[in-house]
Amino acid sequence: TLWKRFANRPHKRLPPGLKELPGPKGYPILGSVPDVPEKNSAVKFAEWAKEYGPIYQVNLAGSNHVWISSDQVAHDLLSKKGAIYSDRPHIPALIDDNRTSGQYLPLTSKNGAWARQRKFANTVMRESENAKFHRYPELEAKRMLVELMEQPSQYNHALESFISRVTCRLAWGHSEANEELKQRARELLIGVSPTGAMGNKLPFLMSLPDWLSPPKAWERRRAKTERKFFEIMQKDVEHDMKEKRAPQSWMKTFLEHRGSWGFQYDMEGAYSVGMHGIAGALTIAAPMQTFCLAMCHYPQYLPMLQEELDRVCGDRPPRSEDRENLPFLRAVIRECLRWRPPVPTGIPHYLIQDDSYAGYHIPKGSVMHPLEWAISRDPAMFPDPEIFNPLRWVKPEFPTYREPLSQYPTVINCTQFGYGRRVCQGQGVADEDMLIGIGSIAWLFNIAKKSENNSDEACSDSGYDSQSEAEELDEKYGLRRHHANATISAEELNAGLEKSEATEELFYPGAWPAADIAEDEAHMEKVRVKTKKSSQDLDPTLDYTTLLIAKPVPFEFDLSVRTRYLAEKARSLFEEERAKGAYSSSRAYWGESQGQGKELGWGKV
Ligand code: HEM
């Protein structure tokens, strides 16, 4: 009986007529924990889906986890049966119970706090969307471009700052707290990730006194610092409102109608705004970094993107109004989300009563994972799913093509934002940030794999008057130059694929490519074999971080301005805003060394 108690199925008694979900057997007590790698665990769960089907269960240290790898099944359960599938599982590493504390909307169970905070969030999101997000993304994109020109090797820092400054402005009206927000986001991500805080791997650590359990002490300091930070941010906006100088923000909207949200405890508004700040800062930089990675490995698409941006935007970076005229930019962004989903294992839902599906029993208490990694690789919907191919969204022969192209492709309502009642509330923000952020980068820069051949070739259309002037200016600005390819070589067109499959040279710009990469079955077989083999040898396009939100591990690549003219244009746009006092520097909230060794401050990450 002891064996049975710890064996790999929490519910052995099945309701009549129903079968048990298939799944790996696992080991006593630990279940399948030893079989799940920390790196790319989503790939492992997707491999199991090939073996056990689109819905299967896995025992992980005694709790039942159900993995869904089909959009249809995810909709049938998580959306259509939202009444019983919309709670959240318990996260052991947090000191306050995430399901009931009302501190973090994405982690709260379906209760009163969730309902009122979601309503509040809907209002503020709609309000900022209608105001084109107060142009904060466009303003911060100008700063990001200059930072990228100054220090291209710090690209991930510049991208994350862009996102966190925009989110900071949206949440509290200014960008001063951007470094603090990034740190709050990092620490919370560690706290909630199964591969992060020790308390999630060994929950008993959270029942010990703090002095005996460093992970618990770490979490207590994190939670206290976060609370204090949210409190300071709210007070600052209150103060600015009194002085009549508060820019538009979610916090300002909250305070203007303070009594009308139905919030029930003192800090509920502060947490609600703060949580949205954190959610924004956490997520959007991931697809932006994926974009850089994809452009290195599939270089055939950047010239197409630049042709579109040049045609539509000319000598300025993209603006919100350009959206409908930039279908290829939207296709590239949509493909970044599909190819490397920012939340590859999905954010789990929790089942509150026994259920059944297609003759299978799904026990109450199951943790339900919509496995984004697998859902976005369904070969019927996404032919050759391992390949980054934005054309699948803009060429009619692909199943994902949809008209009108002024609206589609769009990231809005895509599976990467989840399912049913818990669907992501920041989709509009993410959509805008990615359009402006990724569009601005592609407008100004060439991105290429680090290589000696392609870094310093002279370029006739660069806008430099002479080679020596170009070199002088590059030196002054610390820039590297790279010219846009007018002709895509067969090698580039087939980047990431087998060499033997080279297609003929293709001239661009002018039209969508005439030739598709990967046409015949034999070719695809090779691609698949290569993908599989290289994932074992750690394919560089699979080198992602292991926390719940996955970003490419920082990598080296060539980031170089396309022309001097554009570089100068970008600089003058930035200078114009700077002269108006638009950009403040970051503020340190906890004194020296960000409060190391003190009661409040940055925890070790
Ligand atoms: C590329 C960017 C983003 C991705 C991929 C993403 C993805 C997700 C996913 C998968 C969920 C869970 C849905 C479910 O449970 O079925 C979620 C929930 C949520 N997201 Fe996002 N998100 C992104 C950006 C944002 C931003 C910018 C914000 C806020 C400004 C935000 C706020 C939220 C909130 C509040 C929830 C919780 C909704 C609830 O539980 O009821 N997200 N997001």
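The model is predicted: local features need pLDDT of at least 70, side-chain atom pairs count only at pLDDT 80 or more, and totals for chains, interfaces and linings use all residues. Residues are numbered from 1 along each chain as its sequence is written.

Cys424 is located in the loop between α16 (372-375) and α17; helices are DSSP runs (H or I, at least four residues) numbered from the N terminus. Cys424 is buried because 20 other C-beta atoms lie within 10 Å, the cut-offs being 20 or more for buried, 12 or fewer for exposed, and partly exposed in between, with C-beta atoms placed from the backbone.

Around the ligand there are 26 residues, of which Pro106, Gly418, Arg422, Cys424 and Gly426 come nearest; a residue is near a molecule if its C-beta atom, placed from the backbone, lies within 6 Å of it. Two or more residues of this shell come from each of α5 (112-130), α12 (268-283) and α17 (427-444). The greatest contribution is that of α12, with four residues.

Elsewhere, Lys132, a residue other than glycine, has a positive phi near 50°. Lys132 lies in the loop between α5 and α6 (136-150).
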